[in-house]
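Q: I am new to this structure and would like to learn how to read it. Where should we begin?

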Amino acid sequence: MADPVLPVPHRPGAVSMFFVAKAGVFALGFWIWLLVLVLTGDDATGVHVLAATGAITTTLVGVVLGIRLALQHSAAVRHAELKRLLVDISWNAFAAAGNAETSGKVVPFPTASSEDERSSRDRTSVFDRAPGGERSGRNRGGDRRR
């Protein structure tokens with residue numbers, strides 16, 4: 001019998017990697033342009049400032065996008081591991097309950113007993129009382145008279 005193919009967890013990055021690579025290419029182009037301008041030996045002009053600004057900006061954008069991509073990838077791996085762990089826990093709990101030799105003690109869902117029902121009917125809220133402490137004439141039941 002062949003092993004079941006496990007689904008690949010969501011791995012972000014196709015679009016993000018494109019933008020990281022694009023920023024890297026632009027940064028490389030700006031750094032080469034700045035290097036060529038510096039090696040030609042001219043005085044610093046606006047073109048030098050533009051090349052330096054472009055090189056620094058695109059480098060920083062590439063670094064920020066790369067960090068974001070790494071964090072998304074790490075979060076996707078953690079999320080997939082957490083989902084796998086939850087499935088393992090639930091499956092183990094299900095299997096343990098099915099393989100139990102004796103039935104476990106079942107705790108019933110709490111319900112109101114007859115005394116509790118009577119005492120809850122006698123209770124009134126602050127809003128149901130008139131300013132003198134007596135019950136107001138407000139009807140909270142289902143039979144409303146017009």
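Q: Is Phe 18 buried, exposed or partly exposed, and how is that decided?
A: This is a predicted model. Phe 18 has a relative accessible area of 49%, so the residue is partly exposed. Phe 19 also counts as partly exposed, at 41% relative accessibility.

Q: How many aromatic pairs are there?
A: The count comes to two aromatic pairs. In one of them, the rings of Phe 18 and Phe 19 are edge-to-face, with 5.2 Å centre to centre and 70° between the planes.

Q: What are the distance and angle for Phe 30 and Trp 33?
A: Their ring centres are 6.2 Å apart and their planes are at 40°, so this pair is tilted. Phe 30 is partly exposed at 21% relative accessibility, and Trp 33 is partly exposed at 31%.

Q: Why do residues a few places apart in a helix point the same way?
A: An α-helix has 3.6 residues a turn, so residues three or four places apart point the same way. Here, Phe 30 and Trp 33 are three residues apart in helix α1, so about one helical turn separates them.

Q: What span should helix α1 have, at 1.5 Å a residue?
A: The general idea is to set the expected span beside the distance between the end C-alpha atoms. Helix α1 covers residues 14–39, and its 26 residues should span 38 Å. The end C-alpha atoms are 37 Å apart, which agrees.

Q: Which residues of α1 are buried?
A: They are Ser 16, Val 20, Ala 23, Ala 27, Leu 34 and Leu 37. Just after α1, Gly 41 takes a positive phi of about 80°.

Q: What does Thr 58 touch, not counting residues up to four places away in sequence?
A: Thr 58 is in helix α2 and touches Ala 23, Phe 26, Ala 27 and Phe 30. A polar atom of the Thr 58 side chain lies 3.4 Å from the backbone nitrogen of Ala 27. With 15% relative accessibility, Thr 58 counts as buried.

Q: Where is His 48, and which residues is His 48 in contact with, leaving aside neighbours within four places in sequence?
A: His 48 is in helix α2, which covers residues 46–98. The contacts of His 48 are Leu 34, Leu 37, Val 38, Asp 42 and Asp 43. The relative accessible area of His 48 is 12%, so this residue is buried.

Conventions
Residues are numbered from 1 along each chain as its sequence is written. Side-chain values use heavy atoms; hydrogens and water are left out. Helices (H or I, at least four residues) and strands (E, at least two) are DSSP runs, numbered from the N terminus. Buried means under 20% relative accessible area, exposed over 50%, partly exposed in between (1.4 Å probe, protein chains only). Contact means heavy atoms within 4.5 Å. The expected span of a helix is 1.5 Å times one less than its number of residues. A polar contact is a pair of N or O atoms within 3.5 Å; within protein, one must be able to donate a hydrogen and the other to accept it, and residues adjacent in sequence count only if both atoms are side-chain atoms. Rings of Phe, Tyr and Trp (its six-membered ring) pair if their centres lie within 6.5 Å; planes under 30 degrees apart count as stacked, over 60 as edge-to-face and the rest as tilted.
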